[in-house]
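Please look over the sequence and the 3D structure shown here.

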Amino acid sequence: MKAIRFAEYGGPEVLEPAEVGVPRPGPGQIRIAVRAAGVNPHDWRVREGQFRRVRPIPLPAGVGQDAAGVVDEVGDGVVGIEVGEPVFGRGSNTYAEFAVLSSWARIPEGLSFAEAAGYPSVVETALRVIRLVGVRPGQTLLVSGAAGGVGSAVLQIARDRGIKVIGTAGPANQDYVRSLGATALTYDASWPDRARRLGPIDAALDLNGTGVLRELLDLTGNPDTVVTIADLEASLLGIRFAGVGGNMPEALAEAAELIARGKLHIPIARSYPLAEAASAHADSQAGHTRGRRVLLV
C-alpha cells in the first residue's frame, strides 16, 4: 500500500511516499481503508524529533493519528461495528491507504470523510483543556489561537456549555471567531489591555505557543487557571502543559452528539492529496489556519 514515511528527523522535505505492507488490527482494534487523514501539529512535531528524548521511535516511521474511512477488518474482541461501516477516529500511521484505529465512532450523518478526519484529536484536546482549566458555565474563558482546529472546537463547546469566550486571532479571522460565538481580539501590543477592559477573565488557554503565557497569567492571576498545549516553557511559570492522555472514545462520542445537534462544525481550511503531505505540514507550521487541514487518500 502507499504510505507517507520519514527516514530521518527534519523539515517537511523528509516526508516521502513509500510502498509498505498493509497493517493488521490487533485485539480491540479495527483497520480502515483510509479516505482522509487529519493533519495535526503533533504530526510535524514528531517528524521534527521534538519528542525523541521521551518517546523515541524506530526510523523509518509513518505519520499521522487521525483518519476517517471504511471499516476493512476488525480485530479480536471488537463488537458493535461491522466491515463496510464509515468511521472516524485515532490510530497510528494514518497517512496511508490503510490504517489501524484504536478508537473510533461512526461518522455522523451528513459529514464527509474529509470533514470527519479533522475532528478526533482536536475535539479530544478541546474537551480535555476545558476540563483541566476548570472553567464553568457563566464564567469567561480567554482563548489565544482561537481560529485553529482546537480553538474552533473550544469556542463551540464552551458556547454550548454557557461559557463566555474571548478569542484572539489574526485580522483575517476576526469574523470567523465571532461567528463561533466569541468576542474577537486581534494580536498586537495592546491586546491584554483590551481583553482586561472586557471584564474579569476566569481562565485562559494558549493553543498556539506564541509566547503569551505571562500575559495570560497576568489576566487570570492564577497559574492554575491557565493551560497551554503548545508552549514547552510553561513549567517555568507554574502553568500546566496539557499533553496527551484524554479519553478518545468518550471524546468521539461527544463529538458525534454535538455534530448531530448542530452545535459543532469544524471547517476544512484546505485539503491535499496524500502525496503532498510535506506541503500540508509546511502550511500547518506556518499557522493562521482557520479550521483543519486534511489529506485525501
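This is a predicted model: local features need pLDDT of at least 70, side-chain atom pairs count only at pLDDT 80 or more; totals for chains, interfaces and linings use all residues.

The sections below take the sheets, the helices and some side-chain contacts in turn.

## Helix α7 and its buried face

Helix α7 takes in residues 213-220. Its buried residues are L213, L216, L217, L219 and T220. Seen down the axis of α7, they fall within an arc of 160°, so they line one face of the helix. An α-helix has 3.6 residues a turn, so residues three or four places apart point the same way.

Which residues does α7 carry on the face turned away from its buried side? The exposed residues R214 and D218 are found there. The cover over the buried residues includes β8, α6 (191-196), β11 and β12 (226-228). After α7 comes G221, with a positive phi near 80°.

## The antiparallel sheet of three strands

An open sheet of 3 strands has the order β2-β1-β4, and its pairing is antiparallel. β2 and β4 are the edge strands, each pairing on one side only.

β1 (residues 2-6) and β2 (residues 15-19) are joined by 5 bridges and run antiparallel. K2 stands opposite E19 in β2. β1 also pairs with β4 (residues 61-62), in the antiparallel sense, over 2 bridges. There, R5 has G62 as its bridge partner in β4.

β7 (residues 98-106) runs antiparallel to β3 (residues 30-39), and 4 bridges join the two. I32 stands opposite A99 in β7.

β7 also pairs with β6 (residues 86-92), again in the antiparallel sense, over 6 bridges. G89 has W104 as its bridge partner in β7. β6 and β7 form a hairpin with 5 residues between them. In the turn, N93 has a positive phi of about 50°.

F88 belongs to strand β6. Is F88 buried or exposed? It is buried, with a relative accessible area of 0%. F88 and E115 are 27 residues apart in sequence. In space they are 9.7 Å apart, C-alpha to C-alpha.

V122 lies in helix α3, which covers residues 120-133. At 4% relative accessibility, V122 counts as buried, because the cut-off for that class is under 20%.

Which residues does V122 touch, leaving out those up to four places away in sequence? They are N40, G149, V150, A153, I266 and R292. I266 is 144 residues from V122 in sequence. The C-alpha to C-alpha separation of V122 and I266 is 9.5 Å.

## Aromatic rings

The count of aromatic pairs comes to 1. F6 and Y9 form that pair, at 6.1 Å centre to centre. The angle between their planes is 45°. Why does the pair count as tilted? Planes under 30 degrees apart count as stacked and those over 60 as edge-to-face, so 45° falls into the remaining class.

The two partners are placed as follows. F6 is buried, with a relative accessible area of 1%. Y9 counts as partly exposed, at 22% relative accessibility. Elsewhere, the charged end of R55 sits over the ring of F51, 4.8 Å from the ring's centre.

Definitions and conventions: Residues are numbered from 1 along each chain as its sequence is written. Side-chain values use heavy atoms; hydrogens and water are left out. Rings of Phe, Tyr and Trp (its six-membered ring) pair if their centres lie within 6.5 Å; planes under 30 degrees apart count as stacked, over 60 as edge-to-face and the rest as tilted. Buried means under 20% relative accessible area, exposed over 50%, partly exposed in between (1.4 Å probe, protein chains only). A charge sits over a ring if NZ of Lys or CZ of Arg is within 6 Å of the ring centre and within 35 degrees of the ring normal. The arc is that of the directions from the helix axis to the C-beta atoms. Contact means heavy atoms within 4.5 Å. Two strands pair if DSSP finds at least two bridges between them.
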